[in-house]
Amino acid sequence: VFEPDEAAPLPFVFDMLRPEESFGAALKNFITYRYYFYGFPYFAYSALAILPIKLGGALTEQYPAVMLALRQLVSVLPMIAAAYLLVRMQTSTRRKWESAGLFVFLLAVPAVVKNNFWWHPDGLTVLAVTATIFFLSRDNLRFGKNFYLAAAVCGIAVGIKYTGLYFVLTIPVYLLLGWHQKKISFK
């Protein structure tokens, strides 16, 4: 039923949603999930993805629905969103057939297809990294809200999985570019 990396963290996500006597205890339980191979954004999003199922009954009695929700909402949906952002950056979605072809191509890449068969943080990580690049591209050295969104999403990427660390330097390098081109002051 499970891929190797699915079975280990699942009980901890269930524990994040365990009822407690007070809101403070429930919040503490949600934040301190005691399984830190992946970061809080991944576990929090996963817990929220299965919350409607939890509200409908016991999670352990609904494994098929839980795994379907986790695989689709945590793995597949973020990867589709990342592919959309990449297509939008490349084609600006003005050329419909080219955009559609590129979108289908990106979603058909074997690594993407294989990763979307199981619940894993790669989809969220790819989305966060892609969103970082997307927002920096939209900002175009203006240092407005898109820059701050890029910095925040980059932080989320790091919080999800160490892969995000590869993109941490994009923000300081972007700042240095803006300073070098006199778009912003050193202050």
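Start with helix α9, whose buried residues are Asn-146, Phe-147, Ala-150, Val-153, Cys-154, Ala-157 and Ile-160. They sit on the same side of α9, because they cover an arc of only 140 degrees around the axis. Keep in mind that this is a predicted model.

**Thr-132, a residue of α8**

- Thr-132 lies in helix α8, and with a relative accessible area of 1% it counts as buried.
- A polar atom of the Thr-132 side chain lies 2.8 Å from the backbone oxygen of Ala-128.
- Leaving aside residues up to four places away in sequence, Thr-132 touches Ala-150, Val-153, Cys-154 and Thr-170.

**The largest nonpolar core**

- This core has 41 residues, and the ones touching the most other members are Tyr-42, Phe-43, Ile-50, Val-66, Leu-70 and Trp-119.
- The elements giving two or more residues to this core are α2 (10–16), α4, α5 (63–91), α8, α9 and α10.
- Take Val-66 from that group: not counting residues up to four places away in sequence, Val-66 touches Leu-10, Phe-14, Ile-50, Ile-53 and Leu-59.

Notes
Residues numbered from 1 in each chain as written. Predicted model: local features only at pLDDT ≥ 70, side-chain atom pairs only at ≥ 80, totals over all residues. Heavy atoms only, no water. Buried < 20%, exposed > 50% of the residue type's maximum accessible area, 1.4 Å probe, protein only. Helix = DSSP H or I, 4+ residues; strand = E, 2+ residues; numbered from the N terminus. Arc of directions from axis to C-beta. Polar contact = N/O pair within 3.5 Å; in protein donor to acceptor, adjacent residues only side chain to side chain. Contact = heavy atoms within 4.5 Å. Core = buried A, V, L, I, M, F, W, Y, C linked by side-chain atoms within 4.5 Å.
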